[in-house]
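Student: Hey, I've got a new structure to look at. Can you walk me through it?

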Amino acid sequence: MKQYYGNFGGQFVPDSVKIALNEVELAFLKFKQDKDFNQELKQLLKTYVGRPTPLYYASNLSKFYGHEIYLKREDLTHTGAHKINNALAQALMAKKMNKTKIIAETGAGQHGVATATAAALLGLECEIFMGAIDVKRQALNVYKMELLGAKVHAIESGSKTLSDAVDGALDFWVKNMKNVFYVVGSAVGPYPYPQIVTHFQSIIGKECKAQLKKINKNVDYIIAAAGGGSNAAGIFYEFLKDEKIKLIGVEAAGLGQDTPYHAATLTKGKTGIIHGMKTKVLQNEKGEISHTFSISAGLDYPGIGPLHAHLQETKRASYHAVSDDECINALKLLCKHEGIIPAIESSHALAFLEKLCPTLTKKSVIVVNLSGRGDKDMQSIYEYKKGEIYG
Ligand SMILES: *Cc1c(COP(=O)(O)O)cnc(C)c1O
């Protein structure tokens with residue numbers, strides 16, 4: 001398999017890590033084709049995760065915007081977000097490789113919970129790495145992980161968020177390679193992880209395509225939030241070849257992308273290396289990686305999956321940023337009109353409707369990937385006052 005998506009991706013890691021990555025690559029290439037593995041995964045996705053998730057016609061929101069809007073309901077999966085699709089699949093790989101422990105980095109805590117869940121289900125030990133700030137702002141998820149039997153490490157270095165958690169997990173992996181499998185949570189990192197995560201998340205787009213076909217709809221726009229880029233890659237991938245369909249990724253502009261307080265990697269970043277991959281990176285003139293700012297822990301990442309850097313460069317997909325304020329307004333709008341409390345991350349995708357819909361000249365069919373539910377965010381939403389979270 002190719003290591004790059006166009007000019008982006010690769011394996012920018014020390015040789016010691018390459019040995020571990022080679023093992024993961026061989027396992028992935030094998031299990032991807034393995035009938036028993038795929039059957040077992042399919043069964044678990046159905047009976048444990050709750051797939052297929054519905055494609056829901058949001059009639060009230062559609063009336064509000066004057067377009068046909070559908071929501072792909074990843075928020076209805078077990079553990080409440082798309083991350084379980086990938087965590088469960090990688091954990092199953094780890095088990096088949098006879099690893100005894102899985103580790104993971106986590107931002108909002110969703111990937112940590114998903115990984116701890118998969119570990120409990122499959123009888124694996126589990127250790128989770130999380131930035132100290134995120135540990136604080138997502139305390140409930142930390143408690144969930146511990147309840148599920150995982151050990152949580154709070155990382156006190158750097159900006160104490162997702163980026164630093166990745167460094168912590170990589171460091172642990174290199175020192176404990178023999179028994180440990182690293183479950184990467186988004187379509188990021190050195191090859192083969194972006195490809196693995198995209199493959200396991202592409203179930204979202206596959207289902208969505210079949211569901212649209214069943215109701216005889218041609219979709220015009222697909223919108224997804226982009227943090228590391230896994231839910232966006234998951235819903236985009238199956239539609240890449242159909243160039244008529246416009247793919248839109250939405251990043252976190254925090255206080256605004258013209259302020260220093262944002263996490264808008266593709267809109268504001270430059271090509272660089274981060275966490276073993278070549279991609280767009282938020283950095284200063286000296287090439288130092290910037291701290292990111294967003295109301296959403298799950299979008300607080302100064303890099304982006306290499307597939308998205310490539311889709312942006314080739315203009316197959318476009319990427320935009322929405323602010324904390326716009327996100328919270330969109331969240332409240334969905335609660336009020338549809339009775340669905342979305343995750344703050346997913347609300348970034350919803351917020352783009354407000355920008356897109358007024359520009360459309362004909363009635364359009366729009367799918368928004370509702371990547372997760374908002375239960376974990378209640379405190380942040382309740383306490384939200386513009387700018388205050390940045391101190
Ligand atoms: C983690 C998370 C995201 C962002 O991660 P991606 O890899 O970009 O998908 C988006 N939505 C929810 C609900 C999340 O938990």
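Predicted model: local features only at pLDDT ≥ 70, side-chain atom pairs only at ≥ 80, totals over all residues.

Student: Okay, which residues come nearest to the ligand?

Tutor: There are 17 residues around the ligand, and K83, S186, G229, N231 and S371 come nearest.

Student: And what classes of residues make up the shell around the ligand?

Tutor: The shell has 11 polar residues, 4 nonpolar ones and 2 charged ones.

Student: What lies 2.7 Å from a nitrogen atom of the ligand?

Tutor: That's a polar side-chain atom of S371.

Student: And how much of the ligand does the protein cover?

Tutor: On its own the ligand has 380 Å² of accessible area, and the protein covers 98% of that. The space the ligand takes up is the largest cavity.

Student: New topic. Where is H275?

Tutor: H275 is in the loop between β11 (270-274) and β12 (277-281).

Student: Is H275 buried or exposed?

Tutor: H275 counts as buried because its relative accessible area is 11%, and the cut-off for buried is under 20%.

Student: Which side chain does H275 have a polar contact with?

Tutor: The side chain of D167, and the contact between the two is 3.4 Å.

Notes:
Residues numbered from 1 in each chain as written. Heavy atoms only, no water. Near = heavy atom within 4 Å. Polar contact = N/O pair within 3.5 Å; in protein donor to acceptor, adjacent residues only side chain to side chain. Areas by Shrake-Rupley, 256 points an atom, 1.4 Å probe, with all protein chains shown as cover. 1 Å grid on protein atoms, 1.4 Å probe; cavity = no way out; pocket = protein on both sides within 12 Å on 5 of 7 lines; lining within 4 Å. Sits in = over half its atoms within 2 Å of the grid points. Nonpolar A, V, L, I, M, F, W, Y, C, P; charged D, E, K, R; others polar. Helix = DSSP H or I, 4+ residues; strand = E, 2+ residues; numbered from the N terminus. Buried < 20%, exposed > 50% of the residue type's maximum accessible area, 1.4 Å probe, protein only.
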